[in-house]
Amino acid sequence: MLSLQNLSVERNVINDDAIEFKLRTKNKLFQLFDKIFVVFALLLLLMQSIVNQKLMFGKLTIILTIVPILRVFVRLFFVCEESLLLIRGMGIQLKKKCYNGSTSIKFLEKAKIQDVVINEGYYLQQTIYYLAFMVEGEKDLVLPFESLYPHLPVLLLIYKKFKKIIMEEQNN
């Protein structure tokens, strides 16, 4: 799922040694499209019971009821929140939360983090910017925000805080 809009960005300064950046999507699990499908299916069911026809609207009603249920079920596994916690002297904690409540946490040790870059990529006809960490022992770049893409000014702020909190001792 690529989310370029409808993001809220929250910055929590825990103390001088830790800061968290949290991205949340504003998209709802059950959208207007799904509600219209369900209302239409219920109206068909009501018409079916009034007319007392058993097979007249049966298949259409089932399809119009199952489609929004399947859409919501699939969306349960979409990421709704991603966070990046910078901890001085320790490293970075990456956290992802899905609509179904499942959470995954990954920790990158400071000693293994080689550098951070802001890179650009292309998705369909849009240019997107993303933050990436070069980590020792990882063959690919580690992306803190894999599903939710903040705008460039937010990435620049995170980049500067990373350099200040995580890389300051390595540069001295």
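Reply: Happy to, and keep in mind that this is a predicted model. Let's start with P68, which lies in helix α2, residues 58-75.

Me: Why is P68 called buried?

Reply: Buried means under 20% relative accessible area. P68 has 1% relative accessibility, so P68 counts as buried.

Me: Which residues is P68 in contact with, leaving aside its neighbours within four places in sequence?

Reply: They are D34, F37 and V38. Contact means heavy atoms within 4.5 Å. Take F37: P68 and F37 are 31 residues apart in sequence, yet their C-alpha atoms are 6.6 Å apart in space.

Me: What does UniProt say about residues 32-51?

Reply: The unreviewed UniProt entry places the feature "transmembrane region" at residues 32-51, and also at 57-78. In the model, the span 32-51 is 100% helix and 0% strand, with its end C-alpha atoms 28 Å apart.

Me: How many helices and strands does the protein chain have?

Reply: There are four helices and seven strands. Along the sequence they follow the pattern β-β-α-α-β-β-β-β-β-α-α.

Me: What makes the sheet an open one, and which strands are at its edges?

Reply: Five strands form this open sheet, in the order β1-β2-β3-β4-β5, with antiparallel pairing. The edge strands are β1 (7-15) and β5 (103-109), and each of them pairs on one side only. Neighbouring strands of the sheet are turned by 15 degrees against each other on average, direction ignored.

Me: How do you know that β4 and β5 pair?

Reply: Two strands pair if DSSP finds at least two bridges between them. Strand β4 (residues 91-98) and β5 have seven bridges, in the antiparallel sense. As one example of a facing position, Q93 stands opposite F107 in β5.

Me: Which helix packs on the sheet?

Reply: Helix α3, residues 152-165, does, touching β1, β2 (18-25), β3 (79-87) and β4. The direction of α3 makes about 30 degrees with that of β3.

Me: What share of the contacts joins residues 24 or more positions apart?

Reply: Among contacts with a separation of 6 or more, such residues account for 51%.

Terms used. Residues are numbered from 1 along each chain as its sequence is written. This is a predicted model: local features need pLDDT of at least 70, side-chain atom pairs count only at pLDDT 80 or more; totals for chains, interfaces and linings use all residues. Side-chain values use heavy atoms; hydrogens and water are left out. UniProt positions are given in the numbering used here, feature names are shortened, and annotations may be inferred rather than shown by experiment. Helices (H or I, at least four residues) and strands (E, at least two) are DSSP runs, numbered from the N terminus. Buried means under 20% relative accessible area, exposed over 50%, partly exposed in between (1.4 Å probe, protein chains only). Axes are lines fitted to C-alpha atoms, for helices over the stretch in contact, and angles run from 0 to 180 degrees between N-to-C directions.
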